[in-house]
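Colleague: Could you walk me through a few parts of this model with me? I'll ask as we go.

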Amino acid sequence: MSSNIGKMREHAMKIFQAGLQAVDPVEAIIGHVTLKDKALIISGRQFNLKDYDRILVVGAGKAVAPMAKAVEDLLGNRISDGVIVVKDEHGLPLKKIKICEASHPVPDERGVQGTEEILSLVETAGTRDLIICLISGGGSALLIAPAGDISLEDKQNATKLLLACGATIHEFNTVRKHLSRAKGGRLAQMAYPATVTSLILSDVVGDDLDVIASGPTVPDSSTFHDAEQILKDYGIWDQLAPAVRNHLEKGTSGQIEDTPNSNDVVFQQCSQVLVGTNLQALKAAGQEARKLGYRPLILSSKVEGEAREVARFYTAIAKEVLSSENPLKPPACVLAGGETTVTLTGEGRGGRNQEFALAAALTIAGLDNVVVLSGGTDGTDGPTDAAGAIADGTTVTRALEKGLDPKDFLRRNDSYSFFQHLEDLLMTGPTRTNVMDIYMMLLGSPR
């Protein structure tokens, strides 16, 4: 590996870290929430604390522990009670708010128990209560309250099927909302007539509030019919548990009331504030790249599609930049963000970012001074302990020298093992934030 490549890989890590720091959950809360005299001010809206007998804090997601700590530091003993559900190893010491750790992305009984505590708490709220709801990516799997006769095992099976079929997060969460007593605005429904204000860290393409954590406190634009159609379109309807199919069929036929929409009275006392997004992270990453001597270009924060196909298109830009200096001249840092999907055909281990990096490695093989990094801002890529992976023009050559066939690893969806052999996994540990993924290409080395 050349000295230039080694330096560029170090630069890639610095740029990625700059993106993470820009969406730190504590800073996100501090930037939007202040306490002045006896008023809580959230993005310009004033809540006079004398109007409320209790302040309750609830929430779910990978990033809500530091969000909750920031709220505790601000409000202290003014908080009457609170419960949040976070992913395993994503908790922090809190004084007034109870933390429940649970499994993600496949839910478990601890998530059910934590969610029941949240629902029991908000159901006690009245007109003189203020509920602060903290929401981040991961909330869909952690805020778990099966509806009707659906069991936890039924929901676990549905989750696994949706994870494997390549459904987008919008499609995935449409289904989740209609199998839940908490998602799709139903948490707000239970909290009514209390005042509910939600602080939201976005992990979905387009920052759609009704999709982030499956929108527990916002109106739902989807229906039972949409959920049933998604499952049939992906060919997994018949693999679902009978209780799941029965519940959706009852909803579609009108026997079960659909999730509340924008006309529902329960949202009159609800407000939402987006405190962190993928685009914020990309802009900060671009600023760091410029400091390091690269010309930054942000392509999009709304990237979707099959990971390997997106990677092939994305890395085609590398060849264009190196051959024609279009759309910008090297040294360049080309950034994008979003959330791709992986349709599983093999039984390997990996995640969408590792698969992206492996597909990219094949496309950039042999190119000089090219580095690709693909990483999840939450520090976890798929069911692995890696955030993603890093590749360069020598990756394929180094793999072949070790007797590794990159195409075979890609075919088997075994990107984790591939990059583990090369010691090129991106390992950050839990970042306690979550704004989707960052895709980065460094093209040409600064002097």
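Colleague: What should helix α3 span, at 1.5 Å a residue?

Modeller: The 12 residues of α3, 64–75, should span 16 Å, and because the end C-alpha atoms are 16 Å apart, the two values agree; the expected span is 1.5 Å times one less than the number of residues. Helices here are DSSP runs of H or I with at least four residues, strands are runs of E with at least two, and both are numbered from the N terminus. This is a predicted model, in which local features need pLDDT of at least 70 and side-chain atom pairs count only at pLDDT 80 or more, while totals for chains, interfaces and linings use all residues. Residues are numbered from 1 along each chain as its sequence is written, and side-chain values use heavy atoms, with hydrogens and water left out.

Colleague: Is α3 mostly covered or mostly open?

Modeller: Mostly covered, since nine of its 12 residues are buried, where buried means under 20% relative accessible area, exposed over 50% and partly exposed in between, with a 1.4 Å probe and protein chains only. Among the buried ones are V64, M67, V71, E72 and L75.

Colleague: And what follows α3?

Modeller: G76 does, with a positive phi near 55 degrees.

Colleague: Switching topic, at what angle do α9 and α10 pack?

Modeller: Helix α9 (residues 224–233) and helix α10 (residues 242–252) pack at about 135 degrees with their axes 8 Å apart; axes are lines fitted to C-alpha atoms, for helices over the stretch in contact, and angles run from 0 to 180 degrees between N-to-C directions. The pair is therefore oblique, given that angles under 35 degrees count as roughly parallel, over 145 as roughly antiparallel, 65 to 115 as roughly perpendicular and the rest as oblique.

Colleague: Which residues of α9 and α10 meet?

Modeller: On the α9 side they are F224, H225, A227, E228 and L231, and they meet H247, L248, E249, G251 and T252 in α10, contact being heavy atoms within 4.5 Å.

Colleague: Now D53: buried or exposed?

Modeller: D53 is exposed, because its relative accessible area is 54%, and it lies in the loop between β3 (45–48) and β4 (54–60). Not counting residues up to four places away in sequence, D53 touches S80, R128 and D129.

Colleague: What about V372, buried or exposed?

Modeller: V372, in strand β12 (residues 370–376), counts as buried because its relative accessibility is 0%. Leaving aside neighbours within four places in sequence, V372 has contacts including T315, F356, I364 and M440.
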